[in-house]
Amino acid sequence: MPKERGHKVIVSNRRARHDYSIMDTYEAGIALMGTEVKSLRAGRASLADAFATVDDGEVWLRNLHIPEYEHGTWTNHEARRHRKLLLHRGEIEKLIGKTKESGLSLVPLSMYFKDGKVKVELALAKGKKAYDKRQDLAKRDAQREMTRAMGRALKGR
């Protein structure tokens, strides 16, 4: 059987970019059971409530929902168990320092297959205030309106 190549997104957390200002991103591997991988290959997962924590020098992904594999047996996994993220020691040390000192959060942005392995894009993020969210929405609306006006001007309307 040929090796799997490429980048296939399983699930992305679009809400995270709305609720947080992204400071830095990391790519992490994730320790999974066989039935979890099979469920992910079927495209079933949810990052809606997921977050990461650093405990005792290890990074853990919590509240990630991977539903049970439908063809699994008694060896099936728990849907919301804590899953270990695989990062280099230097990256973990940086994350420990930044989350402790400046009050930043670790938020998963997306989960994808990269050359057959499951990876998680993890962001070091700062929560946005309500006025920041409104400001971003106003900026996006203004940009959209400018683009529409340019299109109308080019068409001669």
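User: How many bridges join β3 to β4?
Analyst: 5 bridges join them, and the two strands run antiparallel. Helices (H or I, at least four residues) and strands (E, at least two) are DSSP runs, numbered from the N terminus. Two strands pair if DSSP finds at least two bridges between them. This is a predicted model: local features need pLDDT of at least 70, side-chain atom pairs count only at pLDDT 80 or more, and totals for chains, interfaces and linings use all residues. Residues are numbered from 1 along each chain as its sequence is written, and side-chain values use heavy atoms, with hydrogens and water left out.

User: Which residue is the bridge partner of phenylalanine 51 in β4?
Analyst: Arginine 62.

User: And what do β3 and β4 form?
Analyst: A hairpin, with 2 residues between the strands. Aspartate 56 sits in the turn and has a positive phi of about 55°.

User: Is aspartate 56 buried or exposed?
Analyst: Exposed, because its relative accessibility is 83%. The cut-offs: buried means under 20% relative accessible area, exposed over 50%, partly exposed in between (1.4 Å probe, protein chains only).

User: New topic. How many salt bridges does a search of the whole structure find?
Analyst: It finds 11. A salt bridge here is a side-chain nitrogen of Lys or Arg within 4 Å of a carboxyl oxygen of Asp or Glu. Side chains of opposite charge can pair when their charged atoms come close.

User: Which residue forms a salt bridge with lysine 114?
Analyst: Glutamate 27, with the closest N and O atoms 3.4 Å apart. Glutamate 27 is in strand β2 (residues 20-30) and lysine 114 is in strand β6, so the pair ties together parts 87 residues apart in sequence. Glutamate 27 is partly exposed at 36%, and lysine 114 is partly exposed at 32%.

User: Which side chain meets arginine 81 in a salt bridge?
Analyst: That of glutamate 36, at 2.9 Å from N to O. This pair also links distant parts of the chain, 45 residues apart: arginine 81 is in the loop between β4 and β5, glutamate 36 in helix α2 (residues 34-41). Glutamate 36 is buried, with a relative accessible area of 0%.

User: What about glutamate 145 and arginine 148, how far apart are they in helix α4?
Analyst: They are 3 residues apart, so about one helical turn separates them. Their side chains meet in a salt bridge of 3.9 Å, N to O.

User: Last topic, rings. How many aromatic pairs does a search of the whole structure find?
Analyst: 0. To pair, rings of Phe, Tyr and Trp (its six-membered ring) need centres within 6.5 Å; planes under 30 degrees apart count as stacked, over 60 as edge-to-face and the rest as tilted.

User: What lies over the face of phenylalanine 113?
Analyst: Arginine 41, at 4.4 Å from the ring centre. A charge sits over a ring if NZ of Lys or CZ of Arg is within 6 Å of the ring centre and within 35 degrees of the ring normal.
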